[in-house]
Amino acid sequence: MTGRPGPAVLPSTLRLWSGLIACIAALGVLVLGVAYADESEPRESDARIFAAVDGVGPPWRHVAVVTDFLGEPVGAVLLVTAVVTGCLLLRHPRAAVFVVTGAGLTVVTTTLLKPVVGRTIHGDNLSYPSGHTAFLTAIALMVSLLAAGRLRLGRAAGTAFVFAAGLVAGAAMGWAQVALGSHYATDTLGGWCTALAVLPVTAWLVDRTADRLTGRWAGLPAHPPDDWTTDRPSDRPSDRRTERRADAGRQQ
């Protein structure tokens, strides 16, 4: 036991850019929410995108249905369980907590925002932001963050890798939601931005809480220096006696 905290889920090299992206994404969620509040019909941009992807046939419709399933309750639970199991097999319990917390907070955030914005589709179905898009984007962001830390990617490479993963996942689920008629395109954009805003904050909170708990259990500071251990050789009584004998020998 060295008392060191476990590896961070948000690598230090990515904290600055992740924070900036989170702020921009949160602003995007707010702007879109205000712009489309209480609407029930698509605007011109939504109508054009819907016309371009509506009515997809096999095999692409099957792909859209499978992608949509990943955001449904059963599919979401299976996906989170698979990722958490992988984290535990890699002996990274903090990452497992991060995945559960991040997925949960993302779903809760979209659920709370929908009645506040009040945008509807197909009658009275609340649609903004898209919870399916936010959830799959969140999973991609969390997995890519953990991979970036494990691979020790630098700031530029790590940020590009994480952002690209979130972009691909968000675009895939967004396309599926529009193709199936479940959401407007701007709903999916709002869901994507929601995940980008929630995940960096969640990662920071998980790291900070885990560091504090680790320090408390071990009786150590919450953020020990990189070269600190609880069992340095010079602090052991036997080693101090050896050092005194060596000093006495040199004096003689």
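Modeller: Let's start with Asp38, which sits in the loop between helix 1 (15-35) and helix 2. Helices here are DSSP runs of H or I with at least four residues, strands are runs of E with at least two, and both are numbered from the N terminus. Keep in mind that this is a predicted model: local features need pLDDT of at least 70, side-chain atom pairs count only at pLDDT 80 or more, and totals for chains, interfaces and linings use all residues. Residues are numbered from 1 along each chain as its sequence is written, and side-chain values use heavy atoms, with hydrogens and water left out.

Colleague: Is Asp38 buried or exposed, and how do you know?

Modeller: Asp38 has 64% relative accessibility, so it goes down as exposed. The cut-offs are under 20% relative accessible area for buried and over 50% for exposed, with partly exposed in between (1.4 Å probe, protein chains only).

Colleague: What about peptide bonds: which kind joins Pro58 and Pro59?

Modeller: A cis one, with omega about 0 degrees. Most peptide bonds are trans. Pro59 is in the loop between helix 2 (44-53) and helix 3. The bond from Tyr128 to Pro129 is cis as well, with omega near -5 degrees, and Pro129 lies between strand 2 (125-126) and helix 6 (131-150), in the loop there.

Colleague: Why are helix 3 and helix 7 called roughly perpendicular?

Modeller: The axes of helix 3 (residues 60-69) and helix 7 (residues 155-179) cross at roughly 110 degrees and come within 9 Å. Axes are lines fitted to C-alpha atoms, for helices over the stretch in contact, and angles run from 0 to 180 degrees between N-to-C directions. Under 35 degrees is roughly parallel, over 145 roughly antiparallel, 65 to 115 roughly perpendicular, and the rest oblique. Helix 3 and helix 7 are therefore roughly perpendicular.

Colleague: Which residues make the contact?

Modeller: From helix 3 they include Trp60, Val63 and Ala64, and from helix 7 they include Met173, Trp175 and Ala176. Contact means heavy atoms within 4.5 Å. The residues of this contact divide into eight nonpolar, two polar and two charged. Nonpolar covers Ala, Val, Leu, Ile, Met, Phe, Trp, Tyr, Cys and Pro; charged covers Asp, Glu, Lys and Arg; the others, Gly among them, are polar.

Colleague: What is His92 in contact with, leaving aside its neighbours within four places in sequence?

Modeller: Its partners are Pro7, Val9, Cys87 and Leu146. His92 is in the loop between helix 4 (73-89) and helix 5 (93-117), and at 13% relative accessibility it counts as buried.
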